[in-house]
Amino acid sequence: MKAVLVGKNKELTWSEVENPVIKPDEVLVEIHAAALNRADLMQRDGDYPPPPGCPEWMGLEVAGKIIEMGEEAKKESHWQIGDSVCALLGGGGYAEYVAVRYDMLMPVPKNCSLIEAAAMPEAFATAYLNLFMEGGLKAGNTLLMHAGASGLASVVIPMAKAFGARVITSVLSDEIAASIQHLGADVIVNTRKENIADVLKQQLEEGHPVDVAIDCLGGEMMGACLPYLQHGARWIMIAALAGTKTEIDLKNIYVRNVRIIGSTLRSRHPRVKAQILSSLVREVWPKVEDGSMLKPTIFATLPITQAEDAHALLQNGKNIGKVVLAVK
């Protein structure tokens, strides 16, 4: 089969590799589409290696069809050969085939294409993990989701809204703000015009303090925002695209019982990931299928042979929503 490999100069090439050999608890998925994540860029740069036992090539979420099943997978699961599925992976999605544990699979929602379904497992699982398991989000809470044009935000914002939260998000221009109106955020802050800490202070004074924040930016502004949160708020760091250093008033942290939580999905034990996927199918998929929650926003679909161009969209911040590679 073929997969996208990273060359000596970090170039991407569509190259021949060994076919996957499935274990008893795995199925073989013929990949039709694979979605991009910022973790792919980090892995390409050598900063985010795949977990032990995973293929060396990138790709955390795919959609396709089951073409082979191990004996344990046949006995312990409801899956059948020919089923359309989407899958959460430790790696290996930029390829024609992938071996996947049966409990890392989810059905394709009834109203979704395989392209849309490929953009769901990593983003939806990350959203669910951080909103509900780490953040403890409840109806009536206020969420701050930075980088409102990101692929993750295109899932987090409508998921939070579907479960009754109020949402504040940040963007870099009025044009981007207009482009994400359909996500339903209550407050969109253009941080080139407004200081996000000042906005949060105003929200606090008006009775809408942030209960949960999901932050992929970090940097100086992170520490500046912390004094203006709800008592007992949870600030969840998932990346630090704006910088890894900030200044924090520690007294504010303990007086206001603010919790700063570091979180990544990829490092979780497979049992935890399986629990998250089961929760998604039970609690979130019905909201996707009945239209009460938006499907993922697909910014662009490119053939797998143009993975280099697809990466450039993310690297240069050109995407508003998810970028997907069409494999078949």
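Modeller: Two strands pair if DSSP finds at least two bridges between them. Note also that this is a predicted model.

Biologist: How do you know that β11 and β12 pair?

Modeller: Strand β11 (residues 210-215) and strand β12 (residues 229-237) share 5 bridges in the parallel sense. The cut-off is at least two bridges, so the two strands count as paired.

Biologist: What makes β10 and β13 edge strands?

Modeller: The open sheet has 6 strands with parallel pairing, in the order β10-β9-β8-β11-β12-β13. β10 (187-190) and β13 (259-262) each pair on one side only. From one strand to the next, the twist averages 15°.

Biologist: What makes you say that helix α4 packs on the sheet?

Modeller: Helix α4 (residues 121-134) touches β8 (142-145), β11, β12 and β13. Contact here requires heavy atoms within 4.5 Å. The direction of α4 makes about 150° with that of β12.

Biologist: Which side chains of β6 are called buried, and why?

Modeller: Buried means under 20% relative accessible area. In strand β6 (residues 97-101), Val-98 and Val-100 point to one face and are buried, so they fall under that cut-off.

Biologist: How do you know which strand β6 is joined to?

Modeller: Strand β3 (residues 26-35) runs antiparallel to β6, with 5 bridges between them. Again the cut-off is at least two, so β3 and β6 pair. Val-29 stands opposite Val-98 in β6.

How values were computed:
Residues are numbered from 1 along each chain as its sequence is written. This is a predicted model: local features need pLDDT of at least 70, side-chain atom pairs count only at pLDDT 80 or more; totals for chains, interfaces and linings use all residues. Side-chain values use heavy atoms; hydrogens and water are left out. Helices (H or I, at least four residues) and strands (E, at least two) are DSSP runs, numbered from the N terminus. Axes are lines fitted to C-alpha atoms, for helices over the stretch in contact, and angles run from 0 to 180 degrees between N-to-C directions. Buried means under 20% relative accessible area, exposed over 50%, partly exposed in between (1.4 Å probe, protein chains only).
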